[in-house]
Amino acid sequence: MDFLKRCNGSTLCYFTKRCQRACFSALAYKGLLPESMMDLAYGSTSHTVRRIAPQIPSRRSCTTTLIQEQPKSKRELPQFVQQHLDRLQLEVTGALAGTANDVISFGVHRPAGAVETPSNKISFELQEMAKYYFSQGGKLYRPTVALLMAASCSHDRMLETVSENQYKIAVVSEMIHTASLVHDDVIDESDTRRNRPTVNALWGNKMAVLVGDYILAKATQLLCSIGNAQVVSIMAQIIEDLVKGEFMQMGVRDSSSEARFLHYMQKTYKKTASLFANSCKSVAVLAGCNENIQRTAFEYGKNLGMAFQLIDDLLDFVAQSATLGKPAGADLKLGLATAPVLFAAREYPELDRLILRRFSESNDVQKAWDFVLNSDGLRQTRQLARQHCEEAARLIAFLPNSAHFGEHLTDLAMSQLDREH
Amino acid sequence: MLFSQIVRRSPQWKRAVAEAEKLVSYSGSYLSLQSSLSDEEANLALSVRKLLGTKHPLLQTAKDLFYNGNNSIQTRGLVVLLVSQAANDLKRSLSGSQPSTSAGTDCSEKILTKQRHLAEIVEIVYTANLLHRGVLDVAQMTSGNVEKLKLGNKLAVLGGDFLLANASVALANLCAPQVTSSVAQGIADMSEAEFLSLKHPDRALPQDLWDRTIYLQSGSLLAHSCKSAILLADLDDQSLLDNSFTIGRRVALIYALSEILTTNGSVNNKRETPEIDMSRQETFDWLENQGKLAIESINSSFPSSSGAVRSLKQIIRALSDRKCLV
């Protein structure tokens, strides 16, 4: 029987025609099946399966989980959250272009007549570059988390309350994230992101770096306009963590596998989870919550962020490039040993040497790839991610307004496991 | 780079700077805010050595910073400290006590810790910007070891980010959102400066464009920092704030003009100061005028009995007085 390597985010194997049909149905629903193969969704033939089946994995990497016949219906976000997200994109692009609007005005007093120069308009190229990622219709995942957490921390149980300041936190988190993406693409020498050219591919490295600085500076101003020194400190911590995380990623230690794993988890916290955690904590502070609730919000964000990154690292091995928007196997090519690799190294000590030399010799990447797919690493990574998702979900009950919005936060947490990109 | 320019500074300038440094107990180093470098960060600093033999801008910058000191960056920190001290003197004179005049008095009272941190933050931000402006584009990696140049880029970006992150945290710890916002505007403007010179990559800039470029590149941050120094002194009179802003802006302009003139109009390193499309005479006139205006601004707001005020005026004169230029 032929195996299909992946479908719907999990590693699967199909022993029966029923399973194959279910898989093709799901692919068709998600628009991933070409027209010519639509009939496969309703009746398959084995030779067609063989033709389209990607690289055949070994038996060990398959699980026998069947996917559902119908994909899970996604719970819709509350309307007020969706409204905030819609305006977010528009307002940020406007603000970065220098046109003032109600909320995002960055509030800096420019003394009259102090600048005796002809035009204060921000240069066109800078505007274009700064807006580039924001106008691409990204997932806005981080703002969504911040907004839902804000609603869940509200003490006004009947009202859908997200204050303007909490909305600003959502915006700031997305801006910080974007600035870090711009710099990461320069450091990693990436040409594509979300299936489009990167800022550095279009405009050069130096300009990309400066645009990243610009976005970060604007984010800082927006943060300051909230006028809460504690929140400014909390969010500034994210910026420091992002850089430290990037530094941690550059170094490989010659130490035990446990130490290496701890290093990976700490780096993951700094590079990814910190932003979620501190944004959640900030909105909790702004909601006037006590320290316990603040800590709960922080821990929710942290666990969510850890799960998010673990799944990202998993998808780098199992997803197809088109879905991801960037080349798969990118981490290995950058010399990074992520969770699947680290787990696999416990079974295959030969991987250690490859890890230490950051997969730099020819064929290292391919060898490491094969090791991972032949190991239990992917399953263990998913298991670890699940633990974090469940921990996040567990914490929701302690939030003040969880009765109204808790289910959305639970969805956010658990849906990590279903992600395809 | 600026190393060669330091040598050409006049004796008046050196004297003025030395006296000012003594007055404000200037340690000349911003590394006190970065007291703990982790393993990775220390490794990174050492990694810069791998760039030896390449022409990556980062190598030159690192040499200038760590072996020669970077004169223009330190001057800006010094100016912020002087303005801080002047502001504190003003505050004291407004509340009836005497301003501090001699260098012998306990210097630590004359400048608040927060203001010292502000000066350090300003230096860190200028340094970060310098590092980031030294990132190479792929098209520029024509000669030499491309792998090493790519490493140089990574180090430049990360190094600059590291400094900016430190600055952000330090700014947040000032617990003065208005100050943080001001400095952030300075950072945003510095990023924008490079885009202006995109239009005229190799030619000298016309005066108005040059003026705006210099404002964005260095004037804005210095102006906002001087204003912030006043805010940290707990003074909030709007005309005082505006005036301090103007002083900072003028000093940066004066500094840039004097750089152009002391190197006879040919600047080796285009990263620092672009060339201006003006005759030498016109440039002198403009510089002298700015110097006079700057001193007027200082006199209109700050007590002349303040040692810091005198010191600041001395520095401005050393930069802008025709007789002092070599």
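**Notebook: a helix pair and a buried leucine**

Helices here are DSSP runs of H or I with at least four residues, and strands are E runs of at least two, numbered from the N terminus.

This is a predicted model, where local features need pLDDT of at least 70, side-chain atom pairs count only at pLDDT 80 or more, and totals for chains, interfaces and linings use all residues. Residues are numbered from 1 along each chain, chains are lettered from A, and side-chain values use heavy atoms, without hydrogens and water.

I checked the axes of helix H6 (residues 164-187) of chain A and helix H8 (residues 146-173) of chain B: they come within 9 Å and cross at roughly 155 degrees. The axes are lines fitted to C-alpha atoms over the stretch in contact, with angles from 0 to 180 degrees between N-to-C directions. H6(A) is therefore roughly antiparallel to H8(B) (over 145 degrees).

I listed the contacts (heavy atoms within 4.5 Å). His183(A), Val186(A) and Ile187(A) meet Lys154(B), Val157(B), Leu158(B) and Asp161(B).

Next I turned to Leu399(A). I found Leu399(A) in the loop between helix H17 (377-395) and helix H18 (402-414) of chain A. Leu399(A) counts as buried because its relative accessibility is 3% (buried means under 20%, with a 1.4 Å probe and protein chains only). Among the residues that Leu399(A) touches are Met149(A), Ile293(A) and Leu409(A).

Last, I looked at chain A as a whole. I noted 18 helices and 4 strands. Buried residues make up 57% of its 421 residues.

Definitions and conventions
Buried means under 20% relative accessible area, exposed over 50%, partly exposed in between (1.4 Å probe, protein chains only). Angles under 35 degrees count as roughly parallel, over 145 as roughly antiparallel, 65 to 115 as roughly perpendicular and the rest as oblique. Lists of a residue's contacts leave out its neighbours within four places in sequence.
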